[in-house]
Amino acid sequence: MESRSTALTATPIHLPVASMRSVYQTQDVERKLAKLQSKEHEQLRSTYERMLERGPERFQVKPSGIPEMAALYQSLPNFTEALDDVRRHVALSHDSPDGLEVTPMLLLGPPGIGKTHFARKLAELLGTGMSLLPMSSMTAGWLLSGASSQWKGAKPGKVFEALVDGQYANPVLVVDEIDKAGTEAQYDPLGALYSLLEHDTAQSFVDEFAEVAIDASQVIWITTANDERAIPEPILNRMNVFSIPAPTPEQARQIAGQLYTGIRSEHGWGPQFQPEAQADVLDMLAELAPREMRRALMTGFGNARLDGRDHVRVDDLPRPASAKSRMGFVH
């Protein structure tokens, strides 16, 4: 698919959208539309008309320089290797005509460790947004690749929707809990990934509903899993695998501190509270899994506000329901 340059204003993180890329060929859509009978396949007809109306060009992230990622390293201290990999890919595309291309990655680690949070932060860094595909609820491959228009209730898959209905040629797509994909389904939920995770075959990905070749080669794939043994070897071989360790106690306090300042800065009521959390509050939060820290902090802020205070105290935080709520740390 073709790509051409355009000049757009850089984002604050210095990763501006700097090119346009065609993600499908208009003539292919026109031919498919012309073959439809007048009163048949109304949803398919609507899909083709939407594609023609929107046009094939989408924004493609192109770095103007190596972004400042210190804040990400601070807020995600146990994701250093994965962040290093992102920096390498950005460096490759810097000062070159190539677009940003990131090798699909698998984040492997226990639940609640922050894998999905990492994906969200990466999407924010790149400015492309994120689509979350929870494989634990997927029982058929058509959720990724679409179902034939011959079937009742058929519709395009998630990849088609992200590229055709979205704004970007290289969105971040997160396949969450890939190891939980249903194995008893008639159709393999992971079947589409065999071609989507390969750059060459992804360039002409065909959604089974629209049956029009889509360029999915620029999609940034992030998959998450708790156990790699449940993932087919050919899928594993298509990704860079990063084993994400549980944060050390010191890293957990660092994550908690970053979350405190982040929540405070994101809300209009934030300035009513002290700029930094108290040490004993960080100690308490550090005993929680990263995904639970935010919920605990929101409860803490609310309780402090009800009490008319400008700071969160330990007794403002909810107590862990059980030992299972606590994170196993690396010492």
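I started with how helix H1 passes helix H2: the crossing is left-handed, meaning that the near helix is turned anticlockwise from the far one by less than a right angle. The model is predicted, so I kept in mind that local features need pLDDT of at least 70 and side-chain atom pairs pLDDT 80 or more, while totals for chains, interfaces and linings use all residues. Residues are numbered from 1 along each chain as its sequence is written, and side-chain values use heavy atoms, without hydrogens and water.

Next I looked up the packing angle. H1 (residues 26-35) and H2 (residues 42-54) pack at about 150°, axes 10 Å apart. Axes are lines fitted to C-alpha atoms, for helices over the stretch in contact, and angles run from 0 to 180 degrees between N-to-C directions. The two helices are therefore roughly antiparallel, a label for angles over 145 degrees. Helices here are DSSP runs (H or I) of at least four residues, strands (E) of at least two, numbered from the N terminus.

Who touches whom? Thr26, Val29, Glu30, Lys32 and Leu33 of H1 meet Arg45, Tyr48, Glu49, Met51 and Leu52 of H2, with contact meaning heavy atoms within 4.5 Å.

Then I turned to the sheet. It is open, has five strands in the order E5-E6-E9-E4-E10, and pairs in parallel; pairing takes at least two DSSP bridges. E5 (130-134) and E10 (240-243) are the edge strands. Neighbouring strands are turned by 20° on average, direction ignored. Five bridges join E5 to E6 (residues 172-176), and Leu132 stands opposite Val174 in E6.

My last entry is helix H5 (residues 115-126), which packs on the sheet and touches E4, E5, E6 and E9.

Key
Parallel < 35°, antiparallel > 145°, perpendicular 65-115°, else oblique.
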